[in-house]
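Biologist: I am new to this structure and would like to learn how to read its salt bridges. Please take me through them.

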Amino acid sequence: MAPAYPIGLEVDDATPQSRLTVLFRMIMIIPHVIILEFIGVAVSVVTLLAWFAILFTGKYPAGLMNFAINAMHWQTRYSGYAFLLTGAYPPFAMGVDAAYPVRLIAEGQIEGRNRLTVFFRYFMLIPQILVLYFVLIAAGVVLMISWLVALFTGSVPAGMHNFLAGTLRWQTRVGAYGSLLTDQYPPFSLS
């Protein structure tokens, strides 16, 4: 049996949401989008520095790893809110928030890194990106339907909620692999 993937996502079950916040969800996330764009640039720089550090030392510097994982916590909460997985507005904070309904579970790999897979990481991501591209198209359609349903009923149907949660889970694992947080190749799976 294969070990559990070191990057995961816990999502609480679908609960009723305010129809008003569902209606204005895309407007409400704008402040997060702006801040996360700047944080995303910083994470890109950290990933580039980590790429060189791993190639030369075989280790991901712990401080850089902590920054990247903490930024991913914020990104995951924002994405969960944007995907209608929760009606709770995400906090403007990096790091763990155990009370939030969408939680990143992340164990970064600092030592014992495979320099060869790090060197070729972006080529190795091509199959994941190709498959995930089509999954994200389907998720976009499901998200639009979920938005309409939630607008009228006040909740996202469980099946749609689970599909969107699985898509975000897969996207998070691929993002973590691309950010060099682990050498374990992500599974092609929504679970």
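**Reading the salt bridges**

Modeller: Asp183 and Arg113 are both buried, where buried means under 20% relative accessible area, exposed means over 50%, and partly exposed lies in between (1.4 Å probe, protein chains only). The model is predicted, so local features need pLDDT of at least 70 and side-chain atom pairs count only at pLDDT 80 or more, while totals for chains, interfaces and linings use all residues. Residues are numbered from 1 along each chain as its sequence is written, and side-chain values use heavy atoms, with hydrogens and water left out.

Biologist: How many salt bridges does a search of the whole structure find?

Modeller: A salt bridge is a side-chain nitrogen of Lys or Arg within 4 Å of a carboxyl oxygen of Asp or Glu. The search finds four. One of them joins Asp183 and Arg113 (2.8 Å, N to O).

Biologist: Which parts of the chain does the Asp183 and Arg121 pair link?

Modeller: Helices (H or I, at least four residues) and strands (E, at least two) are DSSP runs, numbered from the N terminus. The side chains of Asp183 and Arg121 form a salt bridge at 2.9 Å, N to O. This pair links distant parts of the chain, 62 residues apart: Asp183 is in the segment after H8, and Arg121 is in helix H6 (residues 121-124).

Biologist: Is Arg121 buried or exposed?

Modeller: Arg121 has a relative accessible area of 0%, so Arg121 is buried.

Biologist: Which residues are linked in a network with Arg103?

Modeller: Salt bridges link Glu10, Asp12 and Arg103 in a network. Arg103 is buried at 16% relative accessibility, whereas Asp12 is partly exposed at 33%.
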